[in-house]
Each structure stands twice: as structure tokens, then as C-alpha cells.
Amino acid sequence: MSTFIYMVRHGESPKTGGDERERGLSPKGEADARYVTAKLRSEGIHAFYSSPYVRAVQTIADLAEELGQEIVPDEALKEKIWMEGNRPLPEDELYPALRKMYADADFALPGGESNNECQDRAVQVLKDILRKHPGENIVIGTHGLVMALMMGYFSEDYELEFLMQTTKPDIYRMEFTGEKLSGVERIPL
């Protein structure tokens with residue numbers, strides 16, 4: 001019996017420098033969320049979980065509403081804490097920092113999380129979801145790095161190069177037998 005996890009990376013969101021948790025989708029991100037709904041409406045989704053960050057919730061909210069489901073926010077699915085004050089990294093600093101973080105999974109910027117810390121908290125939730133929903137189809141609203149770290153826990157195919165080629169939004173259907181990953185398919189938008 002397979003359980004399917006649909007990892008949905010959030011849509012485009014303007015980086016305003018404000019509260020990372022409250023940053024919503026851009027008009028393009030809102031339009032792309034409608035594509036997510038169209039792609040997943042006939043997949044027989046049983047439950048929805050999400051990062052509590054607005055952009056992640058908004059990307060799957062229309063689908064959940066259409067299917068009459070609630071979205072369960074989980075703090076452990078939140079975006080990686082990049083640095084003190086939970087501020088995002090400037091674009092020109094992002095890739096060099098990511099290279100360091102993937103070269104040394106225990107490396108963290110001052111006041112931030114390491115990849116290992118972020119992966120540990122997110123994978124624990126994923127395992128809990130798998131135990132709670134065997135044989136079901138589950139959507140997880142998430143962030144690019146958190147998604148890549150969760151997927152990377154189960155397979156070395158999902159490292160930095162994978163992260164860098166993902167899009168906003170993006171959907172990956174992961175097939176599990178128990179807690180063992182048996183397949184991954186990207187669902188094109």
C-alpha cells in the first residue's frame with residue numbers, strides 16, 4: 001500500500017523585507033496557485049499540511065477549500081531560519097551560503113539553522129504524517145529548501161543542484177511504502 005506525498009513549493013512572493021511569516025503571494029503567485037489547484041484537484045487528496053508562512057498556505061488554500069478540507073499548519077514545516085531575526089538572505093549572498101550549507105550540513109549563519117537542524121525538524125513531521133495517513137494522498141505546502149532537505153533525507157538525488165532547478169511553484173509526488181521512498185515524479189504545471 002502506497003502513501004503519496006505531494007510536496008508543493010509555494011508560488012512567487014515579493015521579497016519586501018518585512019515579516020517573513022506574513023509575506024503573501026504576488027499576483028503571478030496567485031495565478032500559479034490556481035494552476036496547482038487544477039493539477040491536483042483530481043488526485044484524491046485526503047489531507048493538507050503546511051508551513052505556517054502565508055505564501056505556503058496561500059499556494060494550496062484554493063485546492064483545500066475546493067475539496068472541503070482544512071489546512072493543518074505545522075511550525076516544523078516553516079522556512080529555514082537563515083540568520084538572526086529570521087531575515088531572508090539577500091539574493092547575492094544566497095547561493096554562496098547554500099554552497100557552504102550543502103558542503104557542511106552543520107554550518108549555520110549567526111542565529112540561523114544548519115541544514116541538519118532544519119532537515120531534522122521537517123523530516124520528523126513528514127514521518128509523523130506518513131504514520132498517520134497510510135495509503136492516503138497528502139499535500140504539504142512548503143518552501144524550496146525545506147522541500148529539498150526533506151526529499152534529500154530519503155535520496156541523495158535531491159541535493160543543491162536539485163534545489164537550484166526547482167521553480168515557484170513546483171509539485172513533486174513522492175511515493176512511500178511505510179517510511180521508505182519508492183519513487184518521485186515532478187508534476188509539471
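Mentor: Gladly! Partly exposed means a relative accessible area between the buried limit, under 20%, and the exposed limit, over 50%. Keep in mind that this is a predicted model.

Trainee: Why is arginine 131 called partly exposed?

Mentor: Its relative accessibility is 46%. Buried needs under 20% and exposed needs over 50%, so arginine 131 counts as partly exposed. Aspartate 128, at 37%, counts as partly exposed too.

Trainee: What makes aspartate 128 and arginine 131 a salt bridge?

Mentor: The cut-off is a side-chain nitrogen of Lys or Arg within 4 Å of a carboxyl oxygen of Asp or Glu. Here the closest N and O atoms are 2.5 Å apart, and the pair forms a salt bridge. Both residues lie in helix H4, three residues apart, about one turn of the helix.

Trainee: Why does arginine 55 count as buried?

Mentor: Buried means under 20%. Arginine 55 has 1% relative accessibility, so the label buried applies. Glutamate 20, at 7%, counts as buried as well.

Trainee: How do you know that arginine 55 and glutamate 20 meet in a salt bridge?

Mentor: Their side chains come to 3.1 Å, N to O, and the limit is within 4 Å. Arginine 55 lies in helix H2 and glutamate 20 in the loop between strand S1 and helix H1, so the pair ties together parts that are 35 residues apart in sequence.

Trainee: Which residues are linked with these two in a network of salt bridges?

Mentor: The network links Glu20, Arg23, Arg55 and Glu79.

Definitions and conventions:
Residues are numbered from 1 along each chain as its sequence is written. This is a predicted model: local features need pLDDT of at least 70, side-chain atom pairs count only at pLDDT 80 or more; totals for chains, interfaces and linings use all residues. Side-chain values use heavy atoms; hydrogens and water are left out. Helices (H or I, at least four residues) and strands (E, at least two) are DSSP runs, numbered from the N terminus. Buried means under 20% relative accessible area, exposed over 50%, partly exposed in between (1.4 Å probe, protein chains only).
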